Amino acid sequence: MQDVLVVPNEVAAELAGVGDGVLETLRERLGCVVALRGNRLTLDGDPLHVAEARAVLDELVELVEGGHQIGPDTVGAVLAALDQAQDISEVFDDVVWRHRGKKIAPKTVTQKHYVDAIRARTVTFGIGPAGTGKTYLAIALAVAALSEKAVGRIILTRPAVEAGERLGFLPGDVLAKVDPYMRPLFDALYDTMDPDRLNAYIERGTIEVAPLAFMRGRTLNDSFVILDEAQNTTPEQMQMFLTRLGFGSKMVVTGDVTQIDLPREQASGLIQVREILAGVDGIGFVEFTHQDVVRHKLVQRIVEAYKQHAEQTGDSRRR
């Protein structure tokens, strides 16, 4: 069966952009021949695959005409939305934050569920592989909440656990030693606001980026608190962190249980907390998969390959 779709010029340009990445992904994911000549898009294959491809392309056309940029990851998002009977425009139109003309919005259905969970719940856990936007979206939501005066400050924290290195070997005082561990959080912050404003917030204490150990003994009121890399917390550290929750505050905990840097005999607080707090009112868990990875498509394949290896060898953490 063959189907020919005539698309607007701007849609054709998006489909053919960046080395035909979108077209290549369409061919891989949809199981039919996809060819673009000018603004004529030809679909060739069995009727079922062609019909599915047409539905995906109709959604992509609507997104482009609505002002959205599309990429290879958009194809997966559209497929997931169609599978779950969800309006794809609801996903991409939910703009979390705008900075210098850049719109930060969910790129997958799971990311949309994650954003909704953070807005609706007091404590949200985002668990899944690297590149799924867990920390980035949480920081964007935190900056939006601060801008709207829904909270008075943002607190970002991580456990200072090394991946094969030792803090003691790094030069400088305590803050200098932990800076490399906090750097990814600073990078995300610089993506969401101007450096001058960010530096002013940090100087005033409106935004605080600190190791998890610095949270002990505090009560965090009127704050948007994000714990990143939570797979490297012990159960005691996780309990300590969660009990810092104060009035008017919101917490987001992110982590990847496949990348635990704790000693093998040490239990991970992120794995344990799912068993302890599942079903508690006001707490939500959102699970990401390799299909939610929005980095280079090779990252998605790497994540899935490691997942399959762990399942085949039984070499995954259970604690």
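A residue counts as partly exposed when its relative accessible area falls between the buried limit of under 20% and the exposed limit of over 50%. R54 sits in that middle band, because its relative accessibility is 26%. This applies to a predicted model, not an experimental one.

R54 has a partner in D58: their side chains meet in a salt bridge, with N and O 3.2 Å apart. Both residues belong to helix α2 (residues 47-65), where a spacing of 4 residues puts them about one turn of the helix from each other. D58 is partly exposed too, at 35% relative accessibility.

K102 pairs with D191, the closest N and O atoms being 4.0 Å apart. K102 is in strand β5 (residues 102-104) and D191 in helix α7, so this bridge ties together parts that are 89 residues apart in sequence. The relative accessible area is 40% for K102 and 35% for D191, which makes K102 partly exposed and D191 partly exposed as well.

R158 and D228 make another such link, their side chains meeting at 2.9 Å, N to O. Here strand β7, which holds R158, is joined to the loop between β9 and α9 (235-242), which holds D228, and the two residues are 70 apart. Both R158 and D228 are buried. Elsewhere, salt bridges link D94, K112, D116 and R119 into a network.

Now for the nonpolar side of things. The largest nonpolar core has 36 residues, and I207 and F224 are the ones that touch the most other members. Elements giving two or more residues to this core include the helices α5 (109-120), α7 (174-192) and α8 (195-204), along with β7 (153-158), β8 (207-211) and β9 (223-227). The largest share, 10 residues, comes from α6. In soluble globular proteins, nonpolar side chains tend to be buried together.

Some nonpolar side chains are on the surface, though: L298, I302 and Y306 form a patch there, with about 340 Å² of accessible area together. L298 is part of helix α11 (residues 297-313) and is partly exposed, at 44% relative accessibility.

The surface also carries a patch of negative charge, where E10, E62, E65, D87, E90 and D93 gather. Of these, E10 lies in helix α1 (residues 9-30) and is partly exposed, its relative accessible area being 44%.

Methods:
Residues numbered from 1 in each chain as written. Predicted model: local features only at pLDDT ≥ 70, side-chain atom pairs only at ≥ 80, totals over all residues. Heavy atoms only, no water. Patch = residues over 30% accessible without salt bridge, like charges linked within 9 Å, V, L, I, M, F, W, Y side chains within 5 Å. Areas by Shrake-Rupley, 256 points an atom, 1.4 Å probe, with all protein chains shown as cover. Lys, Arg positive; Asp, Glu negative; His and termini not counted. Charge placed at Lys NZ, Arg CZ, Asp CG, Glu CD. Buried < 20%, exposed > 50% of the residue type's maximum accessible area, 1.4 Å probe, protein only. Core = buried A, V, L, I, M, F, W, Y, C linked by side-chain atoms within 4.5 Å.
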